[in-house]
Amino acid sequence: MPIVDSARGLSLQADRLGQIVRGGRRTLDDVSLSVRAGELVAIIGASGAGKTTLLDALSGVQPAAEGRVRFGGGGGPVGYVPQDDIIHQQLPLRKTLQYAARLRLPAADADRRVAEVLDGLGLAARAGTRVGDLSGGERKRASVAVELLARPGALFLDEPTSGLDPAAAAELLAVLRRLAADGVPVVLTTHNPADVDRCDTVVVLAPGGRLVFAGRPADAPGHFGADDVAGIYGRLTDAPAWEHAPEPAPAERAPDEASQAPGVLNQIALLTRRNVALLRSDPLTLAILAGSPLVILAMFLMLFEAGAFDPARPDPATTVMILFWIAFGVFFFGLSYGLLQICTELAILRREVFAGLRRGPYLAAKILLLMPMLAVVDLLLLGVLRALDRLPAFSAGLYLTTLLASACALTLGLLCSAAVSDVAQVGLLLPMLCFPQVLFVGAILPVPVMAPVGRWISYAMSNRWSFEALGHSAGVEQLWASGASPLGPPLLATYGDTFSRALWVDWTILAAMTLVFTAATWGVLRRRV
C-alpha cells in the first residue's frame, strides 16, 4: 500500500529564479528547470554554489527574489526536511509522530496516519523506541515520516544522507525511491556521488548559483569531461554559463493549499501537552528545574538570621538584602527556565510553522507550561522564609509581586532564547543579563545616590520594580522609621521615596515589561522562522 496518494503528486516548473544575499553576492542566477511527478532529483554543486538556496526556492520555504515556481497536478502540500532533525528526541517515536500529526491533521485521522507512515517506512518495530536512541538512518527516516503525515504532493530534502554511513544512506535513498515511484516528486541536495546514481535527474550548480547541467546522471560526467560524478566537482569552475536571459519577472509563490492544522486554542492545548510530555521524559532537566530553587532557598536560610523584620529590634540592612535576594531569586528562576526553551527547537519550529503552526500558540504553550511551575516556586520561597521568620506576615501583595517578576523574567528568557543561534550563546548571555539586575536595582546602591547614567539604566531593570514593590508590601518604611534601630532613619533617607510608590505603579511596570518582552519574542520568531 503506498504511503502517499499518487493522485496528489505535483509537478513543478521553475522559471528564471534569482537570489541575491546581503553584500550583493548572487546565490541563484537565472535558474530554470522542471520536475515531473514521480521524479527523483538530486541537486549537486560545490559548497556555496546555492544548492540549499535553490531547494528553499523550489519548496517555498524561502522564495527567490526573482522568477517564479509553478506547481501543477495534484493538490497535496509540500514537505520539507532540513539538515537538522525536525523531531524531539526525548519522546518515543510513535508519540512524537502523533503530536506532529495532530498539528497537521484532523484528530480523527492522526493516529491512523501515524501507523501507516511507520509501517511504510519500515519503522513500525521501532515505534516505542525513544527517538534519541534511534540510529542516524532511522532518525532521518523519522524526519521524513513527519513530512509524510500530511500526504505531501512533493518532498524536498536538504542533504538527507549527510553523516550517514553508506548502508544507511543507501537504505534512505531506497525509501525516497519508493516515494517517487508512488508519484511524489522528490528533490534533494547532496554531496554524495552514490546518491546521484540512484536518482532520475541530476541538477548541477556552478559557483554563483548558475545552472550548468540538468539531465540523466549517466550523461553528467561526459558533459563536463569527467570520468564520473565525483570528477564533476573539479570541473565546475570552468563550466560555461548558460546564455544570459532578459531581466527576470518578479518572484511568485505557488498557491498554498488550505491548511488542515487545528485552530489556535487546539494548537495551544496540544503544544502544552507535548511540552509536559517532553519535560516528564527528561528526568535530569526536571530535577534541575525543581531542585535549583530548593538549593537557593537553603542558601537564603543559611545566610540570613531570623528576626530581621521584628518591629521590636529590626535589622534594616538585613531586610534590604532579604528583599533584594528574593527579587533576584525569582528573576533568576524565570530567566533560567525560559533561556533554553526555544533555541533548542528552532529547526522543529521552523518546519512546523511552514506546515501551519502559528507562532502565538507556540509561545503561549511555553508560558502555560512554565508559569505554574514558577508560581509554585514563588509560593514555596515566600512560605518557607515566612515560616522560619525571615519575612514579615505573608501577604497577597508579596506573592503577586513575585508572580509578576517571574513572568517578566520568563518572557525575557524566552526572548533571548528566540534570538540566539545555539545553546552555547545562552551561557554567555546569562551573566550579561544577571549582573545589571544586581548592580542597578537599588539594593546595593540606592537609586537616588546613583550616578545619572546608573539611574537611567535602573528604569530598564525589572528587578528594580519588584524590589521596590516587595519593600512596600513588607512595610520597610514604617519598620525603619520606628526608631528601634539607629540605622533605620539614615538608611530610609538614603533610599528617599523608593518604597513609598503605590504598589499598582510597580505592578503596572512589571506587567508592561512582560507584554513588551512577549511581543518582542513573537516578532523575533516571525523574523527567524
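Predicted model: local features only at pLDDT ≥ 70, side-chain atom pairs only at ≥ 80, totals over all residues.
Which residues line the largest cavity?

## The cavity

The lining of the largest cavity is made up of Ile86, Ile87, His88, Leu91, Thr96, Tyr99, Ala100, Arg274, Ile348 and Glu352. Two elements each give two or more residues to this lining: helix 2 (93-104) and helix 12 (346-354). Helix 2 contributes the most, with three residues.

By type, the lining residues are six nonpolar, two polar and two charged. The volume of the largest cavity is about 60 Å³, and the structure holds one cavity of 30 Å³ or more.

## The nonpolar cores

Let's move on to the cores. The largest nonpolar core has 85 residues, and those touching the most other members are Phe309, Leu323, Ile326, Leu335, Leu391, Phe467 and Trp480. Take Ile326 as an example: leaving aside neighbours within four places in sequence, Ile326 is in contact with Phe300, Leu381, Leu382, Leu385, Leu391, Thr402 and Leu470.

There is also a second, separate core of 54 residues, and its members include Ala110, Val114, Cys199 and Ile232.

## Segments listed in UniProt

An unreviewed UniProt entry lists residues 283-302, 322-342, 363-385, 397-416, 428-451 and 504-525 under "transmembrane region".

How much helix do two of these segments hold in the model? Residues 363-385 are 100% helix and 0% strand, with end C-alpha atoms 33 Å apart. Residues 428-451 are 50% helix and 0% strand, and there the end C-alpha atoms are 27 Å apart.

Key
Residues numbered from 1 in each chain as written. Heavy atoms only, no water. Core = buried A, V, L, I, M, F, W, Y, C linked by side-chain atoms within 4.5 Å. Buried < 20%, exposed > 50% of the residue type's maximum accessible area, 1.4 Å probe, protein only. Contact = heavy atoms within 4.5 Å. 1 Å grid on protein atoms, 1.4 Å probe; cavity = no way out; pocket = protein on both sides within 12 Å on 5 of 7 lines; lining within 4 Å. Points joined across faces, edges and corners; volume = space filled by probe spheres on them. Helix = DSSP H or I, 4+ residues; strand = E, 2+ residues; numbered from the N terminus. Nonpolar A, V, L, I, M, F, W, Y, C, P; charged D, E, K, R; others polar. UniProt positions renumbered as here; feature names shortened; annotations may be inferred.
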